[in-house]
Amino acid sequence: MAPSSQLKSDALLEQMKLHLATDAGKKITKKIGLVYQINIAPKKIGVDEEIYVVDLKKGEVTKGAYEGKADCTFSFKDDDFISVAMGKMNPQIAFLRGAMKIKGSLSAAQKFTPDIFPKPSKM
């Protein structure tokens with residue numbers, strides 16, 4: 001199998017994994033309690049997507065499709081996911097522009113905000 005293209009989102013989701021293990025992360029898990037599947041494409045939604053699961057019931061991030069039915073599935077281009085996660089692009093605007101596609105519960109989608117992501121550390 002060919003090595004997957006390196007997405008900018010890979011690093012962010014790796015940080016998210018560590019963040020969910022902290023006390024702040026555990027509060028998020030307790031507060032939200034939903035499962036999100038995130039499909040991230042390098043250039044075009046639906047093409048060569050990497051799939052991640054952000055499980056805010058168990059407090060973990062895994063690569064690969066969710067076994068069962070996620071509460072909500074998002075599809076993004078790599079750059080747009082980073083923009084939304086970092087709070088640079090409003091999720092509603094992203095949706096209206098077609099930069100984000102949503103499948104599943106809209107009430108679950110509304111709880112998926114930049115607040116659940118770790119803040120970038122100053123190095």
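User: Hi! Is Lys8 buried or exposed?
Analyst: Lys8 is exposed, as its relative accessible area is 51%. Keep in mind that this is a predicted model.

User: Which side chain does Lys8 meet in a salt bridge?
Analyst: That would be Asp79, with an N to O distance of 2.6 Å. The two partners sit in distant parts of the chain, 71 residues apart: Lys8 belongs to helix α1, and Asp79 to helix α3 (residues 78-85). Asp79 is partly exposed, at 43% relative accessibility.

User: How many salt bridges does the count come to?
Analyst: The count is 4 salt bridges. One of them joins the side chains of Lys17 and Glu14, at 3.6 Å from N to O. Lys17 and Glu14 are 3 residues apart in helix α1, so about one helical turn separates them. Both count as partly exposed: Lys17 has 36% relative accessibility, and Glu14 has 43%.

User: And what about Lys63, which residue does it form a salt bridge with?
Analyst: Its partner is Glu50, and their closest N and O atoms are 3.0 Å apart. Lys63 is in strand β3 while Glu50 is in strand β2, so this pair ties together parts 13 residues apart in sequence.

User: Is Glu50 buried or exposed?
Analyst: Glu50 is buried, because its relative accessible area of 11% is under the 20% cut-off. Lys63 counts as partly exposed, at 48% relative accessibility.

User: Let's turn to the sheet. What order do the strands have?
Analyst: The order is β3-β2-β1-β4-β5, in an open sheet of 5 strands with mixed pairing. At the edges are β3 (60-63) and β5 (100-104), each of which pairs on one side only. From one strand to the next, the twist averages 20°.

User: Which helix packs on the sheet?
Analyst: Helix α1 (residues 8-20) does, touching β1 (35-41), β2 and β3. The direction of helix α1 makes about 145° with that of β3.

User: Back to β2 and β3: how many bridges join them?
Analyst: There are 4 bridges between strand β2 (residues 50-55) and β3, and the two strands run antiparallel. Within this pairing, Asp55 stands opposite Glu60, and Val53 has Thr62 as its bridge partner. The hairpin of β2 and β3 has 4 residues between the strands, and Gly59 there takes a positive phi near 80°.

User: Which residue has a positive phi although it is not a glycine?
Analyst: Asp48 does, with a positive phi of about 55°. For background, most residues other than glycine have a negative phi. You can find Asp48 in the loop between β1 and β2, and it counts as exposed at 61% relative accessibility.

User: How many residues of β1 are buried?
Analyst: 7 of the 7 are buried, so β1 is largely enclosed by the rest of the structure.

User: Which way do the residues of β1 point?
Analyst: Val35, Gln37, Asn39 and Ala41 point one way, and Tyr36, Ile38 and Ile40 point the other way. In general, side chains in a regular strand alternate between the two faces of the sheet.

User: How does β1 pair with β2, in the parallel or the antiparallel sense?
Analyst: With β2, the pairing is antiparallel and spans 6 bridges. Ile38, for instance, has Tyr52 in β2 as its bridge partner.

User: And β1 with β4, parallel or antiparallel?
Analyst: β1 and strand β4 (residues 72-77) pair in the parallel sense, over 6 bridges. Here Ile40 has Phe76 in β4 as its bridge partner.

User: New topic: which residues form a nonpolar patch on the surface?
Analyst: Ile93, Phe95 and Leu96 do, and together they have about 310 Å² of accessible area. Leu96 is placed in helix α4 (residues 91-97). With a relative accessible area of 70%, Leu96 is exposed.

User: Last one: where does Lys31 lie?
Analyst: Lys31 lies in helix α2 (residues 23-32) and counts as exposed, at 73% relative accessibility.

Methods:
Residues numbered from 1 in each chain as written. Heavy atoms only, no water. Patch = residues over 30% accessible without salt bridge, like charges linked within 9 Å, V, L, I, M, F, W, Y side chains within 5 Å. Areas by Shrake-Rupley, 256 points an atom, 1.4 Å probe, with all protein chains shown as cover. Buried < 20%, exposed > 50% of the residue type's maximum accessible area, 1.4 Å probe, protein only. Pairing = 2+ DSSP bridges. Axes fitted to C-alpha atoms, helices over the stretch in contact; angles between N-to-C directions. Contact = heavy atoms within 4.5 Å.
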